[in-house]
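Please consider the following note on a protein model and its ligand. The points should be read alongside the structure itself.

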Amino acid sequence: MRQLIAGNWKMNGLGASLAELDVIANHVASHPPHADILICPPATLIARAVATAKECLAIGGQDCRAEISGAFTGDVSAEMLKDAGAAFVIVGHSERRQYHQETDATVAAKANAAHRAGLVAIVCIGETEAERNAGKALDVVARQIEGSVPQQAPISSIVIAYEPVWAIGTGRTPTSSEIAEMHAHLRKRLIARLGAHAKDVRLLYGGSVKPSNAREILALPEVGGALVGGASLKASDFQPIFEAAARNS
Ligand code: PGA
């Protein structure tokens, strides 16, 4: 399966930032990469980003509410993201789990909402530094898979992003063998939960992916792509990352 290289702009980006997206889209059009490319800008930019992307790359949301509509001031539904032209939505990012107290159950409901709306959900999981130091990383992510990945969702509507919380925005990453160990574990847990066809679910690595480490990480077994934060904001950083995608389609 082709790798997926996803950029998460977080709460960064005004209309002027679409110039970076335009550079990325033109680059993808003239040098088609081996990977599928996705940018998740803030919700305010989605519709304009879809126009700028010119179908060279996909656009996604960073969160959605589980309900279709209603009295939920400030929230955005999966259907609204779809209507704005999004194809994906990130759910359960550790910043949502931390700052908005999202539980595994909330995340599962959002993943279901994504499927209902016709979006692919990128379900984020990952251990904290204390959990890793206590030797609990594998157990923590196994529990998050049980709680956050809806059992009834079709395989094609789910992507998993393994993002150790301590690696996000810190410049630190697990070693290659730790990433490989974790991704092998995630594959087993997903197959146990969803069945043998879960072998086709893309497992992204996220947390301080940058041009200097992308090639090594993307070459690891069971790594189906990357979720990139800071290094997705500038075309000059993001391009070398998606050009490092493994040719395995
Ligand atoms: P980072 O963020 O690449 O800036 O570490 C990754 C993420 O939070 O998705």
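How do the residues of the shell around the ligand divide into nonpolar, polar and charged?

1. The shell holds four nonpolar, seven polar and two charged residues. Here Ala, Val, Leu, Ile, Met, Phe, Trp, Tyr, Cys and Pro count as nonpolar, Asp, Glu, Lys and Arg as charged, and the others, Gly among them, as polar.

2. This is a predicted model, in which local features need pLDDT of at least 70 and side-chain atom pairs count only at pLDDT 80 or more, while totals for chains, interfaces and linings use all residues. Residues are numbered from 1 along each chain as its sequence is written, and side-chain values use heavy atoms, with hydrogens and water left out.

3. Among the 13 residues around the ligand, those that come nearest are Lys10, His93, Glu163, Gly169 and Ser208. A residue is near a molecule if one of its heavy atoms lies within 4 Å of it.

4. Polar contacts are pairs of N or O atoms within 3.5 Å. Glu163 places a polar side-chain atom 2.7 Å from an oxygen atom of the ligand. For Gly169, a polar backbone atom is 2.6 Å from a ligand oxygen. A backbone N or O atom of Gly229 lies 2.8 Å from an oxygen atom of the ligand.

5. On its own, the ligand has 280 Å² of accessible area, and the protein covers 94% of this. Such areas come from the Shrake-Rupley method with a 1.4 Å probe.

Note on methods. A polar contact is a pair of N or O atoms within 3.5 Å; within protein, one must be able to donate a hydrogen and the other to accept it, and residues adjacent in sequence count only if both atoms are side-chain atoms.
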